[in-house]
Amino acid sequence: MRAVRGGPTYNRAPMTYEPIDHHAASGGAATLSPWRNEAGAMTALAWPLVLAFLSETAIDVVDIIVIGLLGAEAVAAAALGTMSFFMMLIVILGVTLATAPLAAQAMGARQPRQVRRVIRQGLWVTLLLSLPASAVLFTADSVLIALDQPAVASHAAQEYLAYRAWALAPAVAFVVLRNFAAVLNRPRLGLWVILAAIPLNGFLDYGLVLGRFGLPRMGIAGAGLASLIASTVSFLIMLWIALTVRPLSRYTVLGRFWRPDWSVFLRIFRVGLPIAGIMLVEFGLVGGSLLMIGWIGPNALAAHQIAIMLASVTFKVPLGISQAATVRVGHAAGRRDVAGVARAGWVAFAMGLAFMGLASIVMWAWPDALVGIFLDKSDAGNVEVMALAASLIMVAAVFQIWDGAQTIGAGVLRGLSDTAIPMSFAAFGFWGLGLPCGYLLGIAMGLGAVGIWIGMTIGLFGVAVFHVVRFRLLTRRGYLPRLAPD
């Protein structure tokens, strides 16, 4: 094969193209069945991604725990601020997540130059979208008040966002580079960076929120500043890794950075906008439910934040498996391996559902103990919040299976660049089923926050069924996406 200027080459020292499906990823036993090989390869790729997502959640959990020391009202403000930040993050992140399947398909097709183009243009998209999104967050309090949220909590949320709004660009750029490492079968690189960010964020949280270690006492705003610093440091370290650590450094992702590649740039939007749409309507289910819960009162908001934080911890496991499935399915699609696509998808479903079944059992059995992680049981002012949060956690125990299935379904379909039809599935399931059912049960019928959470469960169930059926139909037809020329 010919050499690619400025990038890796095939079968030419010292740079060599590394095959995607090497036996080392699954234990090296050539006698294993294809399904066991796939399970081993999926596990090898997924566990660092799972731990990375859990570590990111740990940062948010630490934020809530430290903010919880300020009281339930501060937790309610953090819920509104976090919701506002993640709504913007999801839009940008959804578009740039197209870099994972596009780069994985290029790797499977042995097109390393195309991999570099995808990652470089992914960073372009990050810059293009992050700056205006950060500006929007500086007016979040007026929007929250217009949506009938508590004024005190809305103003406190704006203090938090005054700093965290600037974290959008480094947070998304970090994910683009982490996708790059995962596509090259180096997911642990991103994991090490996130693990290093946890103690940094915890130190800054405790110091800036409460005024410890000689740092100023900033209250909830300190948590926003801590997250900004941690996100920026994580991105800079990941960028250094991409530029200096092999095999990533061979792709010189910043080489000719200012040179446009409009075909790849537009392809990221074509694949990524529906991904952003899926994530946005899913977030709309959670965010819309939060807004309805805000109509009930601050205690309901605080209980919701605690329960959704716990649910987000378990969710990160199928989310990591979903990201691994996108890469594995993309690799197989790039090789034009229809059977490999099916194996990767069904193995991912099996792994994710097995874990979420165990998580459901834990949530159902010990809801009170889980709530106690966040609030002081001895404080009489927390009794109502803790009781409601425990009830919500029991509802979360029911929707774990469907939440895992729908996110893994989105990941395996993304590996085939199949995003437009799943977006319509998500819109109907989350907004056509979840939100109306939540309003009917929670507000109209008076079941409160518990009824709203039951509505979320119905929406997740609908989307999970859609995704599983869609993947089955595509694999039975032998569908493979078109590849871009190198």
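## Buried rings and packed helices

F265 has a relative accessible area of 10%, so it counts as buried. Keep in mind that this is a predicted model. F265 also belongs to a cluster with W124, W262 and F269, held together by ring pairs.

**Aromatic rings**

- How many aromatic pairs does a search of the whole structure find? The search turns up 17 of them.
- Take F180 and Y251: their ring centres sit 5.6 Å apart and their planes meet at 80 degrees, so this pair is edge-to-face, a label that needs an angle over 60.
- This pair ties together distant parts of the chain, since F180 is in helix α7 and Y251 is in the loop between α9 and α10, 71 residues apart.
- Both partners are tucked away: F180 is buried with a relative accessible area of 0%, and Y251 is buried too, at 5% relative accessibility.
- W262 and F265 make another edge-to-face pair, with 5.5 Å from centre to centre and 90 degrees between the planes.
- W262 and F265 are 3 residues apart in helix α10, so about one helical turn separates them.
- Here's the handy rule behind that: an α-helix has 3.6 residues a turn, so residues three or four places apart point the same way.

**Helix α3, tucked inside**

- The buried residues of α3 include T99, P101, L102, Q105 and M107.
- What do these buried residues pack against? Their neighbours are α2 (72-96), α4 (112-137), α7 (168-183), α10 (262-296), α11 (298-334) and α14 (383-415).
- Just past the end of α3, R110 has a positive phi of about 60 degrees.

**Helices side by side**

- When two helices pack, you describe them by the angle between their axes and the distance between the axes.
- α14 packs with helix α16 (residues 448-477) at about 20 degrees, and their axes are 8 Å apart.
- With the cut-off for roughly parallel at under 35 degrees, α14 and α16 therefore count as roughly parallel to each other.
- The crossing of α14 and α16 is left-handed, and their contact has 22 nonpolar, 5 polar and 2 charged residues.
- α14 also meets α11, with axes that come within 7 Å and cross at roughly 15 degrees.
- That angle is why α11 and α14 are roughly parallel to each other as well.
- This crossing of α11 and α14 is right-handed, and the contact residues split into 23 nonpolar, 13 polar and 3 charged.

**A buried serine**

- Is S154 buried or exposed? S154 has 0% relative accessibility, so it counts as buried.
- You'll find S154 in helix α6 (residues 151-164).
- Leaving out residues up to four places away in sequence, S154 touches L80, D141, L144, I145 and Q149.

- R246 and P247 are joined by a cis peptide bond, with omega at about 0 degrees.
- P247 is in the loop between α9 (220-244) and α10.
- N185 isn't a glycine, yet its phi is positive, near 60 degrees; N185 sits in the loop between α7 and α8 (188-210).
- F213 isn't a glycine either, and its phi is positive at about 60 degrees; look for F213 in the loop between α8 and α9.

Conventions: Residues numbered from 1 in each chain as written. Predicted model: local features only at pLDDT ≥ 70, side-chain atom pairs only at ≥ 80, totals over all residues. Heavy atoms only, no water. Buried < 20%, exposed > 50% of the residue type's maximum accessible area, 1.4 Å probe, protein only. Helix = DSSP H or I, 4+ residues; strand = E, 2+ residues; numbered from the N terminus. Contact = heavy atoms within 4.5 Å. Axes fitted to C-alpha atoms, helices over the stretch in contact; angles between N-to-C directions. Parallel < 35°, antiparallel > 145°, perpendicular 65-115°, else oblique. Left-handed = near helix turned anticlockwise from the far one by under 90°. Nonpolar A, V, L, I, M, F, W, Y, C, P; charged D, E, K, R; others polar. Phe/Tyr/Trp six-rings, centres within 6.5 Å; stacked < 30°, edge-to-face > 60°.
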